[in-house]
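I open my notebook for this chain and want to set down, entry by entry, what I looked up and what I found.

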Amino acid sequence: IFFIFSNSATCTKRPGRLPNMGAMNVELRVAEADDFETVADIHTQSWRVTYKGILSDDYLENELPAERRTLWKGRLCPEKARADSEGAEETHTFLCYTGGKPVAFACCNLSEEREWGILLDNLHVLPSHHRQGLGRRLLVACGKWVCSKYPGEPMHLTVYTSNTPAVGFYNAMGGEESDPSMYTGPDGTSAAIVRYVWKGEALNKLAQSRT
């Protein structure tokens, strides 16, 4: 789970127009085995900002880095994961660069919650690169990939209800919102989440969105 946008005051008000992404030299590519530490670091930095006050400080500071590293080694380096007796998931991950530096990623997970469709399990942008349209670009890229590789299947994700910038973003991007439910996080804390689903025409519209 989830999609990450900062809860800071500077991120709660959406501008009327997105920035000119063409002027930012943004590049997306598929993540490879050698990227697992980079992706884990972006994941860790993003959670520490966005989930402060949702997950425990002790978990975010002390347990999270090693946990994310193990997770991404399993996802991007399945041979290493099997050697370490860790389960490997079937995933497809986009890594986003600006100015030649990795700053964001998104991961479609084909191994979990398939009853809802293709799970967009992670979408994370470094706090220093919020409000630059990178989340939108990654979301659209994932929608296009799902439409191309799994035509007719929905795409879905879950997000904490207290992550109000993300909730607003997914509503604006046409996701169909479910009723809230409770979720137990990796540190054992419980909080409300909602699921967003893009299916049929809504997913096609997302995939055709301009970025």
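Predicted model: local features only at pLDDT ≥ 70, side-chain atom pairs only at ≥ 80, totals over all residues.

**Entry 1: a buried aspartate**

Asp35 is found in the loop between strand 1 (26-30) and helix 1 (36-50). Helices (H or I, at least four residues) and strands (E, at least two) are DSSP runs, numbered from the N terminus. When I set aside the neighbours within four places in sequence, I found Asp35 in contact (heavy atoms within 4.5 Å) with Arg29, Val30, Leu76, Leu95 and Tyr97.

Residues are numbered from 1 along each chain as its sequence is written, and side-chain values use heavy atoms, with hydrogens and water left out. The chain averages a pLDDT (the predictor's confidence in each residue, from 0 to 100) of 87, and 84% of the residues score at least 70. Confidence is lowest in helix 3 (residues 78-83), with a mean of 53, and highest in strand 5, with 98. Over residues 2-23 pLDDT stays under 50, and the model has 68 contacts beyond four places in sequence for them.

**Entry 2: the chain as a whole**

I counted six helices and eight strands in the chain, and from the N terminus on they run β-α-α-α-β-β-β-α-β-α-β-β-β-α. Of the 211 residues, 47% count as buried. Among contacts between residues at least 6 apart in sequence, 68% join residues at least 24 apart.

Why is strand 5 (residues 155-160) largely enclosed by the rest of the structure? I found that six of its six residues are buried, so strand 5 is largely enclosed. In a regular strand the side chains alternate between the two faces of the sheet. In strand 5, Met155, Leu157 and Val159 lie on one side and His156, Thr158 and Tyr160 on the other, and all are buried, which leaves both faces covered.

Next I looked up the pairing, for which DSSP must find at least two bridges between two strands. Strand 4 (residues 118-125) runs parallel to strand 5 and is joined to it by two bridges, and Leu119 stands opposite His156. Strand 8 (residues 190-198) pairs with strand 5 in the antiparallel sense over six bridges, with Val194 as the bridge partner of Val159.

**Entry 3: the nonpolar cores**

A nonpolar core is a set of buried Ala, Val, Leu, Ile, Met, Phe, Trp, Tyr and Cys residues joined through side-chain atoms within 4.5 Å. The largest one has 46 residues, of which Leu139, Met155, Tyr170 and Trp198 touch the most other members. Helix 4 (residues 134-149) gives the largest share of this core, eight residues. Another core, of 10 residues, lies apart from it, and Trp47, Tyr59, Leu60 and Leu64 are among its members.

**Entry 4: an exposed glycine**

Is Gly99 buried or exposed? I found Gly99 exposed, with a relative accessible area of 56%, in the loop between strand 2 (91-98) and strand 3 (101-109). Gly99 and Asn25 are 74 residues apart in sequence and 5.9 Å apart in space, C-alpha to C-alpha.

Methods:
Buried < 20%, exposed > 50% of the residue type's maximum accessible area, 1.4 Å probe, protein only.
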